Amino acid sequence: MKSLPIILRVVIAAVLMFAASFSGFVLQLIPGYQNILAGTAVGRSTTGLLMACAAMLLQYACATVVAYVAVRLLARYLDHQPPAMLKLRPTKTGMIWFAAMIGVAMVIFLIAGGITILFGVTGEPLALQGDQWWAILALMLGRAFLLQGIPEEFIWRGWLLPSLGAKTSMRWAVGLSVIVFGSLHLVSRGGQSNALEHVIYLAMPLGFAYAAAMVRLVADSTWAAVGVHGGYHTAMVIANVLPINNSPTLWALIGALWFAVGLTIRAWRRPFAPAQSDPQESVPA
């Protein structure tokens, strides 16, 4: 049955995303690791805070490592394709898109946040404690990329998108991967207080996932998609220091703007048109 390989791949991607996300908790089984995370291994000091920060970043990095190893194995043994299929090797074009999408994420957030403020929907900025701001910033950025942006894009746009594309059309692959990825965020806890807000919240992951799929195809690089995903989460970090309310209005605006970015890229660069492969990707990642 043709549908079985497709369903199998989608299920694998979903399971792998959650497995990678929680993989770092294994480190907490190491004796003394909990004390390091608590910042008490060497007493409550700047050194202890630095060690706690490093330990948490290491825990986040486990997700990236698990995802990277897993997609390499899936490409080889399930798809019988070389690692170049994943488009993980950094290229000049890919990194330009990576940086550009982080910038776009900031602009989208500021536009959406500005609109909510104009409509009188405001929030209280997070009060950073003394000289601990650097640790909070490092952890937020680590979470944005090491725990979420990089591993999830390696799985969904790096592996699943081309894997599904080989079994069906790339248009169907984009649609299916975006819808499933977005739907999984029904279990996310991002400030929702009822069932309707959980549905409205989906506008954001659906929107940036579509944009990520488009840039993955036009840039021929998974790092372009990482820029979208990591940039989205980095932009949300800004919400903690600005008077912007984390509300359904903000979620809907951000999602709509990301959809607009994806549609604009699709119309501009025509990602589904046949294109020559990038010779730089001939070297295994």
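A residue is counted as buried when its relative accessible area is under 20%. In the predicted model described here, A52 has a relative accessible area of 11% and is therefore buried. This alanine belongs to helix α3. Once the neighbours within four places in sequence are set aside, the contacts of A52 are with I36, L37 and G39. The C-alpha atoms of A52 and G39 lie 5.1 Å apart, although 13 residues separate the two in sequence.

The overall architecture is helical. The protein comprises 10 helices and zero strands, and its pattern along the sequence reads α-α-α-α-α-α-α-α-α-α. Of its 285 residues, 47% are classed as buried. When contacts between residues at least 6 apart in sequence are considered, 81% of them connect residues at least 24 apart.

Confidence was examined along the chain. For the protein, the mean pLDDT is 88, with 88% of residues reaching 70 or more. Confidence is highest in helix α8 (residues 203-219), at 97, and lowest in helix α2 (residues 33-37), where the mean is 86. Over residues 275-285, pLDDT stays under 50. For this segment the model has 18 contacts beyond four places in sequence.

Helix α4 was considered in detail. This helix covers residues 92-118, 27 residues in number. The distance from its first C-alpha to its last is 39 Å, close to the 39 Å expected at 1.5 Å a residue. The buried residues of α4 are G94, W97, F98, M101, I102, A105, M106, I108, F109, A112, G113 and T116. These buried residues pack against α5, α8, α9 (222-238) and α10 (248-269). After α4 comes G120, which has a positive phi, near 80°.

Most residues other than glycine have a negative phi. H80, however, has a positive phi near 55°. This histidine is placed in the loop between α3 (46-77) and α4. Its relative accessibility is 63%, over the 50% cut-off, so H80 counts as exposed. D220, likewise not a glycine, has a positive phi of about 55°. D220 is situated in the loop between α8 and α9.

The structure contains 11 aromatic pairs.

A single aromatic cluster is formed by Y68, F98, F145, F154 and W223. Of its members, F98 is among the buried residues of α4.

Charged side chains are also found over aromatic rings. R157 lies over the face of F181, at 4.7 Å from the ring centre. In a second case, R269 is positioned over the face of W268, at 5.1 Å from the ring centre.

Cysteine residues were examined last. With a cut-off of 2.5 Å between cysteine sulfur atoms, the count of disulfides is zero. C53 has a relative accessibility of 6% and so counts as buried. C62 is also buried, because its relative accessible area is 18%, under the 20% limit.

Notes
Residues numbered from 1 in each chain as written. Heavy atoms only, no water. Phe/Tyr/Trp six-rings, centres within 6.5 Å; stacked < 30°, edge-to-face > 60°. Lys NZ or Arg CZ within 6 Å of the ring centre and 35° of its normal. Buried < 20%, exposed > 50% of the residue type's maximum accessible area, 1.4 Å probe, protein only. pLDDT = per-residue confidence, 0-100. Helix = DSSP H or I, 4+ residues; strand = E, 2+ residues; numbered from the N terminus. Contact = heavy atoms within 4.5 Å. Expected span 1.5 Å × (residues − 1).
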